[in-house]
Amino acid sequence: MRSLSLNTRRKLAAHLFVAAVLIIWLFAALRLPGYVLPAPLTVLEQIGAFLVSAKLAGHIAASIFHVTAALVLAFVVGTTLAVAGHYVPITRVLIGRLAAFLNSFSSIGWALLAILWFGLNDASVIFVIGIIILPIYMINMQAALDQLDADLIEMTASFTRSWPRAFSLVVLPALYPFMLATTRLAFGIAWKVALTAELFGGNSGFGFLVNIARQDIDTPRIFAVIALMIMIAYLADRFLFAPLERYLTRHYADA
Amino acid sequence: MTAAPDEIIRFDRVQLRFGDEAIFDNLSFSVRRGEFVCILGPSGCGKSTTLRLIGDLLRTDGGAITVEGREPRESWQHLAFVFQSPRLAPWRTAIDNVMLGMELRGTGLDGAQMRERASRALALVGLAQDSGKYPRMLSGGEKQRVAIARALAVEPQIILMDEPFSALDPSTRQRMRDEIVAIWQQTGKTIVFVTHDVDEALTLADRILLLSKKPTRVIEQIILTTQRPRAPANDADFARRRADLIAMFAGLEQPTG
């Protein structure tokens, strides 16, 4: 047998592992009742049904909407607060404390409050996801601002005394790679929080579907939702965030 | 002390402290319009600090600095820096980096005019062919040329250069020295050039200000009238001054205590 390259062997090991999990799942499902562990094929059928059903596809779209809206809001608010903390020294401690406070409270707690404040709707869900990822933006963007190349900033100061020009022409572009890296991290967390937020406070999305399926003891549907969520998160990371991060790092950070 | 009519920079008994340490104690000197002055001194004597004070990137603790007859904070737009490292924006091409200086300063030119001026500056430093390249595609010497073009393009009266060639290899460094003299002769700018290299100062300057260790003062002014390009090898006067300077410099570089 010809020896395989290390990379091929690594890939082969990963594929074999997935195959082994599927086989174990298959045999386990034969022995266990369907409401505990549905068969892989049943789950696959359920995924197919999701994708062709307009109503169910609507729930996928709803979850994507919730996560995207929350990311945009947290990005804008978090980055603005980080910039304020960086350039207006008296606000720095205050903003640091706010981030620490937000970072220490759980998504379920926020979800329960959101229901009381906003009711069972999109706003509740977006609020919960947004408030969970907000401190990630605040903390990371502040760290990014602190780490900006001091030489580049001094060069900028030597050419201008205009803060808006310095900020828009140098600081902001230098932050792009950090923004993307933070968004990539925040997306993963937001996607997980979305399930909790929709389960408690939503009337659409994956969490809502899981809640209904739970009430119907429809385990294949819960499995299908989980599988779809993992797939979407993987696809977004692999085909959206990873290439964008590579591009931004190469273009904005390599001197 | 009254100002000479062609005086463009003047340090009058300048004081500067960092914490408990006195950096400058009554540092005084002046630079004439169009002059090429080298500030030479041992490491850590505050050579770069001198430039930062001229450029209003740092404030004094006493004494007076005048640039173009005004305080540095009112005259920063008359000068441009070239730092030890090129400090280019990695996301901008060579020509866009040259334009960045103009955009930051706000020259009042439109995009096409800025581009035109940026190309001329790049051509002056010999990079006309490379205007579309990103910094990562340029060599160390080419990057530093872009930084020089960026400084020239804002059309400053004074260019402050902080050991701009020290990170380059010896042959590139020699070529860049010749080029900066040529650019200086073509443009008539005032250049204040910081270096710790005796030969560099002797090759470039009209006048060398030799600084002491901290607390820093000017211990020697050396006026050079030899024609450029200067050939150290077959110039007796040059060789003598070089030997003197190196001897003085060796004394300064010796560790204290």
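Modeller: The expected span of a helix is 1.5 Å times one less than its number of residues. Helices are DSSP runs of H or I with at least four residues, strands are runs of E with at least two, and both are numbered from the N terminus. This is a predicted model, in which local features need pLDDT of at least 70, side-chain atom pairs count only at pLDDT 80 or more, and totals for chains, interfaces and linings use all residues. Residues are numbered from 1 along each chain as its sequence is written, while chains are lettered from A and ligands numbered from 1 in the order in which they are written.

Colleague: How do you know what span is expected of helix 5 of chain B, and what span does it reach?

Modeller: Helix 5 of chain B has 14 residues, and at 1.5 Å a residue 20 Å is expected. From its first C-alpha to its last the helix reaches 20 Å, which is close to that value. Just after this helix, B:E155 takes a positive phi of about 50 degrees.

Colleague: What makes helix 5 of chain B count as mostly covered?

Modeller: A residue is buried if 20 or more other C-beta atoms, placed from the backbone, lie within 10 Å of its own, exposed if 12 or fewer do, and partly exposed in between. In helix 5 of chain B, 11 of 14 residues are buried, among them B:V146, B:I148 and B:L152. The buried residues pack against strand 5 (79–82), helix 3, helix 4 (111–124), strand 6 (158–162) and helix 6 (170–187) of chain B.

Colleague: Why does B:R33 count as partly exposed?

Modeller: B:R33 counts as partly exposed because it has 16 C-beta neighbours inside 10 Å. The residue is in the loop between strand 2 (21–32) and strand 3 (36–40) of chain B.

Colleague: Which residues does B:R33 touch, not counting those up to four places away in sequence?

Modeller: B:R33 touches B:D6, B:I8 and B:T190, where contact asks for C-beta atoms within 7 Å. The C-alpha atoms of B:R33 and B:P156 are separated by 12 Å, though the two are 123 residues apart along the chain.

Colleague: Why is helix 6 of chain A called roughly antiparallel to helix 8 of chain A?

Modeller: Angles run from 0 to 180 degrees between the N-to-C directions of axes fitted to C-alpha atoms, for helices over the stretch in contact. Under 35 degrees is roughly parallel, over 145 roughly antiparallel, 65 to 115 roughly perpendicular, and the rest oblique. Helix 6 (residues 122–147) and helix 8 (residues 163–201) of chain A cross at roughly 155 degrees, with axes that come within 8 Å. That angle makes them roughly antiparallel.

Colleague: What is the make-up, by class, of the contact of helix 6 of chain A with helix 8 of chain A?

Modeller: Its residues divide into 18 nonpolar, four polar and one charged. Nonpolar covers Ala, Val, Leu, Ile, Met, Phe, Trp, Tyr, Cys and Pro; charged covers Asp, Glu, Lys and Arg; the others, Gly among them, are polar. The contact includes A:I129 and A:I133 of helix 6 and A:L185 and A:I189 of helix 8.

Colleague: How do helix 3 and helix 5 of chain B pack?

Modeller: Helix 3 (residues 94–105) and helix 5 (residues 140–153) of chain B pack at about 35 degrees, with axes 8 Å apart. Their contact has eight nonpolar, two polar and one charged residue.

Colleague: How many residues of each chain are in the contact between chain B and chain A?

Modeller: Chain B gives 20 residues and chain A gives 21. Helix 3 of chain B gives the most to its chain's side, with five.

Technical notes
Contact = placed C-beta atoms within 7 Å.
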